[in-house]
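Have the viewer open as you read.

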Amino acid sequence: MMEHATPAVIVLIVLFVAPVLYFIRQAKQGAEIFIRRIAGIDAIDDAVGRAVELGRPLSFTTGISGVGPVVYACLGVLRYIGRKAARYASHIFVPCSDARVMALADVTLQSAYRDERKFTNYNPAALRFLSDEQFAYASGYQGIIHRENVGAAFLFGSFAAESLILAEAGQQIGAIQVAATASPEQIPFFLTACDYTLIGEELFAAGAYLSRDPVQTGSLRGQDIAKCVIFFLCLFGIVVESVKTIYPAIVPFAISDLMVMSWREWAAKLHWLL
Amino acid sequence: MGGKASLAALGGVGFLRTHYRQIITAGITFIGGFYFFLEFILPAQIGEFKFGKYHDQISTGVMVVGAMAIGLGIINILRIHGSAILKTSRGWMNSLALLGGMFIMLAVAGSDLINSEKSVSSWKYLANLQTFPGKVLEDFQTKSIPAAERIEALGRFVGQTLDQIAANQGPLRRPSGADKAGVEFSVLNADLLQAGAHALLLAQEYRAAAPDLARIAALSRELSASLKSAASAAQKVATANYENAVVRRVQRLLENGFFFPLGAAMFSLLAFYIATAAYRSFRVRSLEALIMMIAAVVVMLGQIPHGPLYVWDKLPAMRLWLLQNLSTPAFRAVYFGAAIAGLAMSVRMWLSLERSPLSTGDDK
């Protein structure tokens, strides 16, 4: 594991972060930024509407995520769903496996109800701390989904082996389910058991899509540019390695070595080049 | 220090008005992020300064905040399930079982933790004392510190330990059964008696008008050796007593007999859920579903090394090609996208650029 950045890693960080900061600035100055339609996020409104029509409660979980960027991205969606629940006087349950995440989700839901001027309707029992043990949490979640006959279940966050248990619980009672995870191993399970699945970075885009906050939309455009940088780096790597295979004398270095070279090694190499 | 700082920061911020609270939170977030950013991009050591030396304090601070959050979790469980029991709501007996289980586990795990601490401290004292005679001699020679009183105090401590053993109380009591721990108990007694005798002789030698330094050094070495051997025997006796204690056995029963099997039972449900999920995903309702089903069949059949289903010798190579050239790049693309999005989100959090979902106010 890399504990300290090498010069090449610092250059990559700058290449990835600079476009994000630039487009955030552009968006704040009023630039129009297009966001493509994401069916899974559009489905959030449908899912909430259907649950409200059926008179069944909503459920939102962040899985086994600890406090971090993933949970922060999920809280934006929770706030949106919380506002909808407050507006339509629908019950919402937030089963949690991490007490710190529960505290953050509590404040987020309170804010959502305040925004809708419905704070008196806020029920602290909406937050359910189940267990920080993976399968105890899954068992508790299953129980809530079945007992409360949830109409719409939102699974946003990090999941592991319990993902299919959670998704099947909603499937069994006919709840409309929207899942979003950045854990690629769990995506197939959600695809088969949920109605809509947001894959990877779409989870992070959900907040921008729902709020249209210029900072988030600008960041989204910056992320696209950063991905273009990755694409061109991949292309560069393919070309260099191909040339190296055919003409080894032309490329006397390995790209993987460049990534781990220290400041001193770079100085020595540049000195040699000059 | 890290823990106290975290508590002070949390306590102080809690009393401020929302606006100032947000400014201070953003400031603390920025400073914390800046430290870790510098720690990552700069070399491990610049001159005399090492970044890593503050890690323990920061980790302690984070642990303190985490520990308080566990308290919040317990309060939440008590509130939800306590009220269900009081109101005898639907499923109140489940709540009763949960709270009962929680309190039993808390009581047993707490008692076990206390026993464990007592067990370790009982032999740690002896282990730490083994260097004491050497230190006393060194102080006697270099700083002229009176040594006899210090060695006598050591002798009194050894005597007290022997008294506790004789009373058959505490972590160093006689282990039940005549197994290896019983032998170690006899060794411990003999070593402590020997250490007490050495301490007595050593104190007398220190008190002599003309102390014989060679004899003092020899006695100090023997005393240290006795204490070292006693500490080793005490560790085995204390561990045997700890492992055989009722609390420990109940703890093992709860964990190995209830907690782990229940978790395994939940995990085993996956086998059935995977079958139903596979059935749903393999229903051919579109061209994409057909392609996915063909790929899945190839991968599954290619996984079989031999037997009646091993239909074609090219299948393992096709399976490998599908996994390496189609599946892995797709996963990598997802990883790249998620990593970039996580990096951007981290930068926005660090610099407090966006409106926090935790804040109040109309935005839409």
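This is a predicted model: local features need pLDDT of at least 70, side-chain atom pairs count only at pLDDT 80 or more; totals for chains, interfaces and linings use all residues.

The term stands for a side-chain nitrogen of Lys or Arg within 4 Å of a carboxyl oxygen of Asp or Glu. Between chain B and chain A the count is one salt bridge.

## The rest of the interface

Contact (heavy atoms within 4.5 Å) involves 71 residues of chain A and 57 residues of chain B. The two chains bury about 5500 Å² between them, with 68% of it on carbon and sulfur atoms; this is the accessible area (1.4 Å probe) lost on putting the two parts together, summed over both.

## Aromatic rings

Over all chains, the whole structure holds 15 aromatic pairs, meaning rings of Phe, Tyr or Trp (its six-membered ring) with centres within 6.5 Å; planes under 30 degrees apart are stacked, over 60 edge-to-face and the rest tilted. The pair A:Phe60 and A:Phe156 is stacked, because the ring centres are 5.7 Å apart and the planes lie at 20°. Both residues are buried, that is, under 20% relative accessible area (1.4 Å probe, protein chains only), where over 50% is exposed and in between is partly exposed.

In chain B, one aromatic cluster is formed by B:Phe30, B:Phe34, B:Phe37 and B:Trp350.

## Notes on the model

Residues are numbered from 1 along each chain as its sequence is written, and chains are lettered from A and ligands numbered from 1 in the order in which they are written. Local features need pLDDT of at least 70 and side-chain atom pairs count only at pLDDT 80 or more, while totals for chains, interfaces and linings use all residues; side-chain values use heavy atoms, leaving out hydrogens and water.
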